[in-house]
Amino acid sequence: MDKIQNLVKKQKKYFETGKTKDLLFRINNLKKLKLGIKKHENRIIEALKEELNKSAFESYTSEIGLVYEEINQAIKHLKKWVKPKKVKTPITHFGSSSYIYYEPYGLTLIISPWNYPFQLAIAPLVGAISAGNCAIIKPSELTPKVSQIIRELIEESFHEEYIAVVEGGVDESTALLQEKFDYIFFTGSVPVGKIVMEAAAKFLTPITLELGGKSPSIVHKDANLQLAAKRIVWGKYLNAGQTCIAPDYLMVHKNVKNKLIEYMKDYIKEFYGTDSANSENYARIVNERHFNRLVSYLQDGRILIGGRTDKDKLFIEPTIIDQINWDSSIMKEEIFGPLLPVMEYEDVYEVIKIVNEHPKPLALYFFSKDKHLQNEIIDKISFGGGCINDTVYHFASPHLPFGGVGNSGMGSYHGKSSFELFSHKKSILKQTTLFDLPFRYPTTKDALKKV
Ligand code: NAD
C-alpha cells in the first residue's frame, strides 16, 4: 500500500511540472498508446478468448477496434478541442469577452470491470490523456490475463509518473480510494459505485459512475419483426449477455409475440449454430459465482428456447424465458447473462408506466415504425441512452456521449465527450480597461434607476 501512496505522490509531482498539458505531448502519447495496443493486439485477442471465449471478430469489434476509433478521433480533433471557446457576452458586460478554458483535473483514477476488460479500461484513458491528466488504471481482477497485458502495455509505453496500472481486487481498489485523486472514473456495479462515491466524497473528488441496471427492449406491434429479432439476438447474446447495455428483458406486444420469438429462434441458430456449445462465436460466463447465479434464474417461468448449461465449461445456452412477471427473481436485479425474460403487453403506455416505476435504465431499445410513439418513449422515460429499432449500437458512435442517469450512473464519455469529461471547464471573463461602466457600483444608484 506504500507503493500506491508513492505512486500517487510521484504522479502529483509529475503533473505539477505541466508537461502533460502540452498539446504535442498529449498527441504523441495517444500515438504511443495506439502503437502499444497494436504490438499486443494478438495477445489481447488470445487472452479474451481464454478468459471469456470471445471470438477474435467480437474482440476486435467490441474491444480493440472501439479503442482505436477513440484514439483516432482524439488525435484528429484534439487541436480543436483544447482551444479556449469564445462564448457570447451579455450586454450588461459590455466591453468584455467571455471564454471557456479546458483545464486537466490532474491525477485521475480509472477503475474498470471484467466484461469488456480491455476497452473499459483503455477508452477512458484516451479521455484522460487527451485532457492532459496523469492516470492510474485499476483493471478487473476477474480477467487477470487481460489485466496483466494492460499493465505490460502501459509500462512499456509510459513511465509510471504519468500513467500506471495497479493490478488487484478489492484491497488494491480500496487502498487507491483512500488516496486523494482529482477525478475518479468508475465502471462497474451499482453497489460498488456507491462505495466509490462515498470514498470520493471524503475528498470532494468529482466522479463519473458508469453503472448497470435493467435495460428494456420493447417491441411494438408495427415493428419490423425480422430486424427486431435479429438485432435483439445480437445485442443480447453478444459476450453471452455480459454487456452493461444488453437488452436485459423483452416487452413485446401480445399480437406479435409468437412471430418475434420464432424469428429470434432462427437468428440464434444462424449466429451460434444448432449447438451453441460448439460455436466459435459464443462467449462463456466469467466465473462459477456468476454461473450459479444465472442458473438459479432458470427456475423462473417457462423456458421457450435454450436452457442447457455446462458448469465445467461455464456455458449457458442463449435462452428465452416466458411466463415472467415483475415479481420473478430474474426481474429483481440486472441479469448480466444470456437469459432473456419475455413479458407481453397490450398498451404501450402501460409499459412506459411500469418502466418508470423502476430505477432508470442504462439503455432502452424501442422497435416501432411509429414516429409519434418513438418520441413518446424518448420523452416519457428517463434512461441513459439507447436506440430506436436497434440495440447496443449507440455505444459504438464516438459522436454520442455514453453514460447512465440515476441508478445507472452519472457522467458520459466517448469521442469529444471523453475530453470534456476529463477537463475542468474554466470560465474566464476578459474585461476591458478602456472604460468602466458605472451600473454595478453602489455609488451609481441613480444610473441604475435610469436603466
Ligand atoms: P464490480 O462493481 O464488481 O467491479 C468493478 C471494479 O470495482 C473492479 O475493478 C473491482 O476490482 C472493483 N471493486 C469491486 N469491489 C470493490 C470494492 N468493494 N471497493 C472498491 N473497488 C471494488 O463490477 P463487475 O462485476 O466487474 O462488472 C459488472 C457490472 O459493471 C455490471 O453491473 C455492469 O452493468 C456494469 N458495467 C457497466 C458499464 C457501463 O459502461 N455503464 C460497462 C460494463 C459493466
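Tutor: The chain contains 14 helices and 18 strands, where helices (H or I, at least four residues) and strands (E, at least two) are DSSP runs numbered from the N terminus. This is a predicted model, in which local features need pLDDT of at least 70 and side-chain atom pairs count only at pLDDT 80 or more, while totals for chains, interfaces and linings use all residues. Residues are numbered from 1 along each chain as its sequence is written.

The chain is divided into domain 1 (1-211 + 409-428) and domain 2 (216-396), with bounds from an automatic or database domain assignment. The C-alpha centres of domain 1 and domain 2 are 31 Å apart. Their contact takes twelve residues from domain 1 and 14 residues from domain 2; two residues are in contact if their C-beta atoms, placed from the backbone, lie within 7 Å. On the side of domain 1 that touches domain 2, helix α3 (residues 56-82) gives the most, with three residues. By class, that side of domain 1 has five nonpolar, five polar and two charged residues. Here Ala, Val, Leu, Ile, Met, Phe, Trp, Tyr, Cys and Pro count as nonpolar, Asp, Glu, Lys and Arg as charged, and the others, Gly among them, as polar.

Now the shell around the ligand. It draws at least three residues from each of domain 1 and domain 2. There are 27 residues around the ligand, and Pro 113, Ser 173, Gly 188, Gly 212 and Cys 244 come nearest; a residue is near a molecule if its C-beta atom, placed from the backbone, lies within 6 Å of it. Helices α6 (170-177) and α7 (190-203) each supply at least two residues of the shell. The largest share, three residues, comes from α6. By class, the shell divides into eleven nonpolar, twelve polar and four charged residues.

Of the 451 residues, 45% count as buried, that is, with 20 or more other C-beta atoms within 10 Å of their own, C-beta atoms being placed from the backbone. Among contacts with a separation of 6 or more, 67% are accounted for by residues 24 or more positions apart.

How values were computed. Buried ≥ 20, exposed ≤ 12 C-beta atoms within 10 Å, placed from the backbone.
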